[in-house]
Amino acid sequence: MFFDFTYLLIVALPSMIISGLAQAYVQSAYTKWRRTANSWNMSGIEVGQRIMQTSNLRGVRFEGTPGQMSDHYDPRGHIVRMSQDVATQPSVAAMAIVAHELGHAQQYEEKSPLIGLRQFLLPAVQISPMISYGLIMMGIIFSMTSMLWLGIIAFGITVLFMLITLPVEFDASRRGLKLLEEAGFGQHGEDMAGARQMLTAAALTYVAAFVSSLLTLVYYLMLASRTMNNR
């Protein structure tokens with residue numbers, strides 16, 4: 001299947017181009033704003049603590065995590081984990097990243113419906129790509145359209161998950177910027193402009209991932225149509 005010219009044309013090449021452009025933009029924005037100190041000269045953890053003092057967030061803990069751009073919010077422990085650069089450097093990038101992760105924390109505290117739906121789908125998404133690929137391959141090999149369609153439906157769960165992720169991530173960024181403003185960080189225009197650019201760049205990676213999964217789904221639907229026509 002992966003040697004199919006149609007797959008290369010419809011899925012592989014567009015995905016490589018879109019993902020490559022998104023990653024390049026993220027890296028460019030991160031490099032620029034990681035080297036730009038925020039006007040408050042506050043590290044990521046200090047920004048996070050300041051936001052906690054001025055917001056309705058309660059009980060969020062901060063921890064370090066290895067790697068670069070490995071920052072994330074862990075809902076199981078209500079923890080924002082920050083990479084070393086973000087936790088210790090007083091950069092605009094650190095300010096934006098911490099605010100975004102606290103935006104996720106706020107979503108969970110307020111029980112956002114989209115967060116709830118994404119968490120509901122998460123167990124299925126963790127196994128659906130492998131199951132869907134196996135079912136689709138067997139459906140093609142044995143010309144069993146019912147198995148092929150089951151595989152497509154299973155993969156559709158992944159596409160749905162990625163679709164739901166888009167508004168979740170955009171909302172976390174919106175919340176993060178609002179948290180920064182409420183904490184008094186919005187007084188400096190360059191800081192907020194840099195934070196917006198950082199968060200926009202990060203959001204594009206999720207858009208790229210969704211487009212790639214959607215193109216793959218379209219390809220699988222074409223395979224199903226081709227298999228049915230050849231019966």
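Phe 155 is buried in this predicted model. The relative accessible area of Phe 155 is 9%. Tyr 220 is buried as well, at 6% relative accessibility. Both values fall under the 20% cut-off, so both residues count as buried.

Phe 155 and Tyr 220 form an aromatic pair. The geometry is edge-to-face, with 5.2 Å centre to centre and 80° between the planes. Phe 155 belongs to helix H6 (residues 145-182), whereas Tyr 220 belongs to helix H7 (residues 189-229). The two parts are 65 residues apart in sequence, so the pair ties them together. Phe 155 and Tyr 220 also belong to one aromatic cluster, which includes Tyr 7 and Tyr 219.

In total, the structure holds five aromatic pairs. Another of them joins Tyr 73 and Tyr 108. This pair is tilted, with a centre-to-centre distance of 5.4 Å and an angle of 45° between the planes. An angle over 60 degrees would count as edge-to-face and one under 30 as stacked, so 45° is classed as tilted. Tyr 73 lies in strand E2 (residues 72-74) and Tyr 108 in helix H4 (residues 92-109). The residues are 35 apart, and the pair links distant parts of the chain. Tyr 73 is buried, with a relative accessible area of 10%.

Arg 50 was then examined against aromatic rings. Arg 50 lies over the face of Trp 40, at 5.4 Å from the ring centre. Arg 50 also lies over the face of Phe 185, where the distance to the ring centre is 5.6 Å.

Note on methods: Residues numbered from 1 in each chain as written. Predicted model: local features only at pLDDT ≥ 70, side-chain atom pairs only at ≥ 80, totals over all residues. Heavy atoms only, no water. Phe/Tyr/Trp six-rings, centres within 6.5 Å; stacked < 30°, edge-to-face > 60°. Helix = DSSP H or I, 4+ residues; strand = E, 2+ residues; numbered from the N terminus. Buried < 20%, exposed > 50% of the residue type's maximum accessible area, 1.4 Å probe, protein only. Lys NZ or Arg CZ within 6 Å of the ring centre and 35° of its normal.
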